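Hello,

Here is the structure I promised to send over. My notes follow below it, so please have a look and tell me what you think.

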Amino acid sequence: MIDTKTLTQLGAHVETPQSPKAAILETVPFSRGDGPPAIVRFTCPEFTSLCPVTGQPDFAHIVIDYAPDALLVESKSLKLFMTSFRNHGAFHEDCTVMIGRRIVAATKPLWLRIGGYWYPRGGIPIDVFWQTGAPPEGAWLPDTGVAPYRGRG
């Protein structure tokens, strides 16, 4: 059984962090084992942030795939981190890359990719992609499952 004594958010009432900077990404140990690396996917189809110029909400479908090495990101802390962007003003590109970099800093994965599929404002959808390098050899990488823009459905 995994020791959860160091986790401060799982199983506790926690307020949404006021900003992504204030959010804490917690981790739990992972035993990789032999063979090709596992790919873990998180999908956030209702991601929200704020436009840094107008303060209006921006919406995205975020897909995160990563190959963990020794640490997994704890999912409740990830949810709180993602929710903290509701109060955060930043451009689509900055939000997407910031999420990827924070997960990399917390977990030190073998590999990570993130796709931010942003819904249009001003008639133009913006899709942002970032990854740490080439995917691990032998890993199964499924399609992100997000349709090219035609109403994202």
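**Notes on the salt bridges, the helix and the core**

R41 is partly exposed, with a relative accessible area of 30% (buried means under 20%, exposed over 50%, partly exposed in between, with a 1.4 Å probe and protein chains only). Before going further: this is a predicted model, in which local features need pLDDT of at least 70 and side-chain atom pairs count only at pLDDT 80 or more, while totals for chains, interfaces and linings use all residues. Residues are numbered from 1 along each chain as its sequence is written, and side-chain values use heavy atoms, with hydrogens and water left out.

Let me start with the charged pairs. I count 4 salt bridges, taking a salt bridge as a side-chain nitrogen of Lys or Arg within 4 Å of a carboxyl oxygen of Asp or Glu. One of them joins the side chains of R41 and D65, at 2.6 Å from N to O. This pair links distant parts of the chain, since R41 sits in strand β2 (residues 40–50) and D65 in strand β3 (residues 57–67), 24 residues apart. Helices (H or I, at least four residues) and strands (E, at least two) are DSSP runs numbered from the N terminus.

Another salt bridge is made by R121 and D58, at 3.2 Å from N to O. Here R121 belongs to strand β5 (residues 111–121) and D58 to β3, so parts 63 residues apart in sequence are tied together. R121 is partly exposed at 35% relative accessible area, whereas D58 counts as buried at 4%.

Now to the helix and the core. Helix α2 (residues 92–107) has 16 residues and reaches 23 Å from its first C-alpha to its last, close to the 22 Å expected at 1.5 Å a residue; the expected span is 1.5 Å times one less than the number of residues. Its buried residues include C95, I99 and I103. After α2 comes K108, whose phi is positive, near 50 degrees.

The largest nonpolar core has 21 residues, and F47, I64, L78, F81, M82 and I99 touch the most other members. Such a core is a set of buried Ala, Val, Leu, Ile, Met, Phe, Trp, Tyr and Cys residues joined through side-chain atoms within 4.5 Å. β3 gives the most to this core, with 4 residues. Leaving aside neighbours within four places in sequence, I99 is in contact (heavy atoms within 4.5 Å) with F47, I64, F81, M82, F85 and I114.

Finally, the rings. There are 5 aromatic pairs, where ring centres of Phe, Tyr and Trp (its six-membered ring) lie within 6.5 Å, and planes under 30 degrees apart count as stacked, over 60 as edge-to-face and the rest as tilted. F47 and F85 form a tilted pair, 5.3 Å centre to centre with 55 degrees between the planes, and both are buried. Y117 and F129 are edge-to-face, at 5.5 Å and 75 degrees. Ring pairs also link F47, F81, F85 and W118 into a cluster.

Best wishes
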